[in-house]
Amino acid sequence: MDRVRRRIATASALLLALLLFGASAASAAKPPARRPASIFDDPFFRERVLAGLDRLYSMDFPAAEAKFAEVERHFPEHPAGPLLRALVPWWRLLVDPENSSLDAVFLAHIERSLELSKRRLRKDGDDTDGLFFQAGASAFRARLATYRENWMRAGLDGRRALKNMRRLAKRDPGNDDLAFGVGLFDYLVEAVPQRYRWLRPIARLFPKGDKARGLAELRRAAQHGRFAGVEARYALFQIFDQFEGDLPRASAELIQLRQLYPTNSLFHVAEGRLYARWGRWAEAGLVLQEVAARQVDGAPGYSGAVAEEALYWLARVEMGQRRYDGALEYLDRLEFLAAERTYDAYYQAVGRLRRGMAYDALGRRDDALRCYREVLAMKGGGDAHDRAKEFLAQPFAG
């Protein structure tokens, strides 16, 4: 299983759905009757959150941090501020998930939000904001736990987040933003165990899902959600790309995200990867070359795993057109970047595998054999070990 699919599978099983505004914005647009005052009723809060999210998705992390810090200063004892501030290291982490150097600052904000949520709930067990932000913080902590393979922590946090989310959904069933969390949960809790048998024990922690209903709810959130529209559309792209295998529909979702946020590196590299998987080599090459160029220019969000992914897929684009010397040039650049990132062996392994395949296609069997043996000595790399064994036995034919 390649790394993109593995990440989606593990995070999905443990409530990928419960991002902050999937669960927490339930009262932003359609407050139920007789609901106590919530932070989402405050114009100061709404304006700064929306501005901060816009900057966040544009990879302008300092500007996003400034907006979220304003919220924390204005509401110093509310759990919203710390959870919003956690979004900045979280998105930095999404760009480079194997880099654990951001874990501490991210978790510090999460723990602060959880503590402030607990204070509210100790005073009133039905406090809306306490439930909102406890769900959001728990879900984020669960997501990080999946990346770090701490399954017990992830399961416990995910189950608590879901419990709160369902309580909130009963209070405001018509809310478009909340449809994101509910819809993604409904889809993934059915789809993930069907695809990945080893995750079935974890899935048993959660109620039964419904893929069709989940897709309908996600579409509703993507089209009408005020806070969760971007997250819902990105979730639809991932579902069509990785689970449904419907590349045209995946492309339709991603094109809209790229138009909204052309400087978002995750959306950018995903577009190139999608075209490459589709066999649309010319389009893939143009998009991925843009990603690689922005990495060279030092654009925010274009370093680390994003740059490596672009170079890896550029090599595959070259190989898809039987330009093996060109593939080796991109693999040289990839190995240079990967060698500086000792915490992430994935691209070192799959890049070395592709190097061996290119050598085989060029008739350089001895060089290819050396590469395949080096892959077997490496950690990580998804199914690279199995493929290396395959090509050790029989050369890659091109």
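This is a predicted model: local features need pLDDT of at least 70, side-chain atom pairs count only at pLDDT 80 or more; totals for chains, interfaces and linings use all residues.
The secondary structure of the chain comprises 20 helices and zero strands. Of its 398 residues, 58% count as buried, and the chain exposes about 16300 Å², of which carbon and sulfur atoms supply 50%. When contacts between residues at least 6 apart in sequence are considered, 66% of them join residues that are at least 24 apart.

In soluble globular proteins, nonpolar side chains tend to be buried together. In the present model, the largest nonpolar core has 111 residues, and those with the most contacts inside it are Phe45, Trp90 and Trp91. Helix H5 gives the most to this core, contributing eleven residues.

A pair of aromatic rings is described by the distance of the centres and the angle of the planes. The structure holds 21 aromatic pairs, and one of these is formed by tryptophan 91 and phenylalanine 267, whose rings are arranged edge-to-face, at 6.5 Å centre to centre and with 90 degrees between the planes. Because tryptophan 91 lies in helix H5 (residues 80–95) and phenylalanine 267 in helix H14 (residues 265–278), the pair ties together parts of the chain that are 176 residues apart in sequence. Phenylalanine 267 is likewise buried, with a relative accessible area of 1%.

Side chains of opposite charge can pair when their charged atoms come close. In one of them, glutamate 309 is joined to arginine 273, the closest N and O atoms being 2.5 Å apart. Since glutamate 309 lies in helix H16 and arginine 273 in helix H14, this pair ties together parts that are 36 residues apart in sequence. Both partners count as buried, glutamate 309 at 8% relative accessibility and arginine 273 at 9%.

A further salt bridge is made by the side chains of arginine 355 and glutamate 335, with 3.1 Å from N to O. Here arginine 355 belongs to helix H18 (residues 346–361) and glutamate 335 to helix H17, and the pair links distant parts of the chain, 20 residues apart. Arginine 355 counts as buried at 8% relative accessibility, whereas glutamate 335, at 22%, counts as partly exposed.

The side chains of arginine 370 and aspartate 367 likewise meet in a salt bridge, at 3.6 Å from N to O. In this case both residues lie in helix H19 (residues 365–376) and are three residues apart, which is about one turn of the helix. Both are partly exposed, arginine 370 with a relative accessible area of 37% and aspartate 367 at 24%. Glu335, Arg355, Asp367 and Arg370 all belong to a network of salt bridges that also links Asp332, Arg352, Arg364 and Glu374.

Most residues other than glycine have a negative phi. Glutamate 149, although not a glycine, has a positive phi of about 60 degrees, and is found in the loop between helix H7 (128–147) and helix H8 (151–171). At 51% relative accessibility, glutamate 149 counts as exposed, the cut-off for this class being over 50%. Arginine 322 also has a positive phi, near 60 degrees, and is placed in the loop between helix H16 (304–320) and helix H17 (324–339). Arginine 322 is exposed as well, with a relative accessible area of 58%.

Notes. Residues are numbered from 1 along each chain as its sequence is written. Side-chain values use heavy atoms; hydrogens and water are left out. Rings of Phe, Tyr and Trp (its six-membered ring) pair if their centres lie within 6.5 Å; planes under 30 degrees apart count as stacked, over 60 as edge-to-face and the rest as tilted. Helices (H or I, at least four residues) and strands (E, at least two) are DSSP runs, numbered from the N terminus. Buried means under 20% relative accessible area, exposed over 50%, partly exposed in between (1.4 Å probe, protein chains only). Contact means heavy atoms within 4.5 Å. Accessible areas come from the Shrake-Rupley method with a 1.4 Å probe; for residues, only the protein chains shown count as cover. A nonpolar core is a set of buried Ala, Val, Leu, Ile, Met, Phe, Trp, Tyr and Cys residues joined through side-chain atoms within 4.5 Å. A salt bridge is a side-chain nitrogen of Lys or Arg within 4 Å of a carboxyl oxygen of Asp or Glu.
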